[in-house]
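Here's a quick briefing to read alongside the structure. Have a look at the model first, then come back for the highlights.

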Amino acid sequence: MGDSERRGQRFVALCVLGILLFNYPVLALFNVPGTLFGIPTLYAYIFIAWAALIGLMAANVETSR
Amino acid sequence: MLHGTVIILTAFAYLGLLFAIAYFADKRADAGRPVINNPYVYSLSLAVYATAWTFYGSVGRAASDGIGFLPIYIGPTLMIALWWVVMRKILRISKQNRITSLADFIASRYGKSALLGGIVTVIAVVGILPYISLQLKAISSSFSILVQYPEIVMPGNAEPQSMREDTALWVALILAAFTIAFGTRHLDAAEHHQGMVAAIAFESLVKLLAFMAVGVFVTFGIYNGFGDLFTRAAAHPKLRDLMTPLGGVAGGYASWVWLTILSMMAIMFLPRQFQVAVVENLDEKHLNKAIWLFPLYMLAINVFVLPLAFGGVMHFPDGRVDADTFVLTLPMAEKQEFLALLVFIGGLSAATGMVIVETIALSTMVCNDLVMPVLLRMRALRLNERRDLTGLLLGIRRGAIVLILLLGYLYFKLAGEAYALVSIGLISFAAVAQFAPVVLGGIFWKGGTRRGAIAGLIAGFAVWFYTLLLPALARSGWLPTGLLEHGPWGVELLKPLELFGLTGLDQITHAMIWSMIANIGCYLGVSLSASSSADEHRQASLFVDVFRHTGEAGGARFWRGTASVPELHNLLARFLGPGTAEAAFREYAEARGHRWPDDALAADAELVHYVEVQLAGAIGAASARVMVASVAKEEALTVDEVREVLDEASQVVVYSHRLEQKSHELEAATTELREANERLKELDRMKDDFVSTVSHELRTPLTSIRAFTEILLEDPKVELEQRRKFLGIITKEAERLTRLINQVLDLAKIESGNADWVESAVDMKEVISDTLAAMDQLFKEKKIEVRAQLPDRVSPVTSDLDRMIQVMLNLLSNAVKFCDAAAGRIEVALTERDGSVRVDVRDNGRGIDPENHEAIFSKFHQASDTLTGKPHGSGLGLHISRQIVEHFGGRMWVESRLGSGACLSFTLPTAGAT
């Protein structure tokens with residue numbers, strides 16, 4: 001139960017992190033002209049941050065301890 | 001060439017394939033080898049979230065808003081991060097209570113209220129209608145576009161259709177037939193539709209692949225990759241602003257935030273999501289993989305949305321082509337027949353998947369929470385006397401499916417044409433978001449009451465209806481538009497789109513703000529002001545503390561009354577069919593070690609609760625309660641009694657915790673006692689051994705002293721020479737006796753801790769030299785050659801000088817005793833290393849068997865001469881020496897092999913090192 005609880009708390013932290021990443025003002029920092037790898041900055045940022053968040057969620061479930 | 005017939009045949013072949021998959025999965029499930037019992041199918045079935053809205057609508061939204069379509073997928077990702085906490089709880093509650101729908105869940109939580117279940121059902125059906133109409137619109141318009149191939153004609157601009165050519169109606173009817181075949185083949189007590197889930201998972205794969213295929217084709221086929229596409233889009237006048245879309249477009253950040261919140265609610269409370277995530281879930285553990293696989297699916301299906309949207313805008317610059325159709329029209333414009341057909345099938349997958357699961361979920365709600373409670377209350381129908389009601393239940397569900405799809409079609413005809421796909425879907429999202437306060441509040445807050453839930457739902461739904469549905473109908477021309485422009489009866493403050501003068505927001509944000517204020521406000525306000533019934537107390541506790549009340553029997557504690565087994569059995573048989581009822585009773589009996597129907601079961605609270613839960617799976621919690629009450633006489637519990645039971649339960653938990661702790665402590669104490677006892681026994685045995693050995697040792701010299709003195713006493717004629725010899729033996733034996741007694745006393749003192757230690761800095765080199773000098777005479781007598789290797793100087797050790805001399809004497813006399821009789825040689829070495837001084841005493845005797853290396857240090861161990869059997873010493877010397885060395889923090893050991901002498905060594909830490 002202890003392990004499950006800790007994972008639960010990490011997930012809540014990840015949710016809070018996600019809310020920060022996909023919200024004003026962080027989003028506004030990337031809402032600027034220009035490109036990243038040939039892709040408009042905002043679009044590139046959102047997809048990279050999104051993928052990273054999913055990666056962290058996977059790590060939280062799949063790694064033991 | 002794509003002829004209409006080809007398209008229709010392909011579509012039917014695809015639906016046939018789906019049906020085959022479902023049939024196969026159902027057969028496997030019946031055989032006990034389910035194909036869907038793994039986390040991957042579960043994750044894919046969750047992807048029923050991606051509908052025609054995602055498939056066609058996202059691109060349409062992206063073409064006008066840029067990033068505006070994404071909150072719909074980022075919101076669920078954020079929500080799913082909370083699933084570990086929230087969804088696991090909902091899953092556990094639902095499994096324990098056999099929850100079969102969202103309406104059932106809410107009704108069950110608030111005291112199994114039939115009224116509440118009915119309200120939830122109505123909200124869900126009305127709220128979801130726009131969403132279903134969206135799917136019908138997508139299928140029919142994608143069909144009518146594809147059938148015009150190679151021309152690209154928008155459906156609105158085509159000739160008006162006759163009834164026979166009204167594709168949306170045909171689609172609705174075909175889907176109804178298909179859903180009936182899928183979802184209501186038979187009645188399952190747990191509402192599992194394994195075949196349907198398998199088909200949905202397959203559809204999720206198809207739509208993902210189709211969308212990716214067209215995305216890759218546009219990005220890399222028409223354009224040269226992402227970089228090229230975005231560079232050209234940035235130069236396009238219509239798209240330039242979409243490169244930094246937030247801040248200006250469509251409400252900017254406020255809209256973004258509200259869409260995120262809205263979709264967070266939708267992923268939990270859309271009836272079809274609840275169906276696949278909760279009702280169809282076979283194993284809680286599947287959630288672990290789904291938590292990241294499902295967000296990954298959403299990420300994958302969104303990667304190509306922007307390229308498709310921008311590609312479409314650049315490809316059809318005149319704006320005659322609806323952006324919602326870019327996914328289909330782009331491959332058509334490039335003359336990719338096969339790809340266009342694949343896209344059509346992908347869109348069909350997305351739309352049919354949604355319609356099938358949604359209508360099954362809604363039909364279960366309509367049947368269990370709307371129709372059955374009413375029918376069961378109408379005494380005129382005499383339902384209580386019908387033998388088998390399974391046919392009736394299935395009939396109601398089938399009727400509900402047809403009705404829901406026809407209503408969806410009606411909405412499409414009434415309001416569907418005026419809105420883009422995404423806007424239609426968002427209206428439904430806002431409706432199901434009304435469930436969030438009562439569900440989330442219900443599983444984490446015991447204070448929420450039935451009246452509060454009813455008030456909150458009705459208030460939220462009313463505001464939703466007024467601010468979203470009414471304007472949708474008005475814009476389509478079914479209500480006067482003056483309502484929107486001037487408010488009802490000309491009251492400006494009540495304008496549906498600017499309620500109480502709130503302006504500057506987009507429609508969804510505006511509606512969400514007001515409906516949530518009304519919903520949460522009424523839910524909290526009414527809950528806090530009114531008292532609740534016993535049923536509500538019980539259910540609140542069972543839901544909120546679900547992880548504490550384990551097992552289905554959790555609810556049985558609250559039931560008091562009388563019932564009879566045959567009546568309960570009959571009741572179950574009427575609703576589930578005789579076979580299922582029989583199986584359920586057998587399972588119950590076997591779990592308790594009885595055999596059904598041979599053994600008599602007790603019609604106790606547990607059985608009554610079991611029957612109610614089984615029944616709830618088929619007809620919903622509220623109806624099940626009514627039906628069980630009709631055959632069992634229940635004594636109503638008062639609120640105080642429920643509270644008492646709850647208190648008892650929590651006290652029992654506390655007690656059992658304490659008991660467990662106590663028993664752990666007891667166990668530990670017992671182990672300690674047992675160990676102490678063992679030690680005592682061992683000591684006792686050692687003491688006995690010691691006493692008997694010591695007496696034996698004392699008797700030996702005494703016997704010989706006595707024997708010789710007696711000879712001398714009785715025979716005065718013994719010769720002088722003989723006499724001298726006898727007296728010599730007597731002296732030697734007496735000396736031995738004295739030595740032995742001294743050593744025993746010494747040992748007793750050391751072991752009891754009463755020895756007098758005089759500590760000082762001792763130079764081991766001096767000790768060794770002195771001892772060797774003292775024993776010089778002995779060595780000479782025995783003709784033993786002694787070699788000493790002593791360094792010039794060693795660090796002093798903290799020790800007792802006399803004791804050290806005693807140790808050296810012991811070791812050396814030991815060596816003398818055992819070294820070679822003819823050519824004895826003893827080597828003494830003193831070395832210093834790593835903060836300790838080491839002394840080695842080596843003899844050249846016959847050596848010691850490795851087995852005995854430890855034994856020689858034990859009390860009274862005597863290496864007896866195998867020839868004479870006479871012991872060589874007291875057997876205490878080495879033991880005492882080791883005790884002394886260890887007292888000063890050192891170590892003593894022996895290294896030897898039989899036949900090559902022995903080396904006794906010890907170390908002592910130097911004075912500086914300790």
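This is a predicted model: local features need pLDDT of at least 70, side-chain atom pairs count only at pLDDT 80 or more; totals for chains, interfaces and linings use all residues.

A helix crossing counts as left-handed if the near helix is turned anticlockwise from the far one by less than a right angle, and as right-handed if clockwise. Keep that in mind for the helix pair below.

**Helix pair in chain B**

- Helix α9(B), residues 194-222, and helix α16(B), residues 337-377, have axes that come within 8 Å and cross at roughly 145 degrees.
- The crossing of α9(B) and α16(B) is left-handed.
- On the α9(B) side, the contact residues include Ile200(B), Val206(B), Phe211(B) and Phe217(B).
- Across from them, α16(B) brings in residues including Leu342(B), Gly346(B), Gly353(B) and Ile360(B).
- Sort the α9(B)–α16(B) contact by class and you get 16 nonpolar, 5 polar and 2 charged residues.

**Hairpin in chain B**

- Strands β8(B), residues 891-896, and β9(B), residues 902-909, pair up in the antiparallel sense over 6 bridges.
- If you want a landmark, Met892(B) has Phe906(B) in β9(B) as its bridge partner.
- The two strands β8(B) and β9(B) make a hairpin with 5 residues between them, and Gly899(B) in the turn has a positive phi of about 90 degrees.

**Where chain A touches chain B**

- The contact draws 29 residues from chain A and 27 residues from chain B.

Notes. Residues are numbered from 1 along each chain as its sequence is written. Chains are lettered from A and ligands numbered from 1 in the order in which they are written. Two strands pair if DSSP finds at least two bridges between them. Helices (H or I, at least four residues) and strands (E, at least two) are DSSP runs, numbered from the N terminus. Two residues are in contact if their C-beta atoms, placed from the backbone, lie within 7 Å. Axes are lines fitted to C-alpha atoms, for helices over the stretch in contact, and angles run from 0 to 180 degrees between N-to-C directions. Ala, Val, Leu, Ile, Met, Phe, Trp, Tyr, Cys and Pro count as nonpolar, Asp, Glu, Lys and Arg as charged, and the others, Gly among them, as polar.
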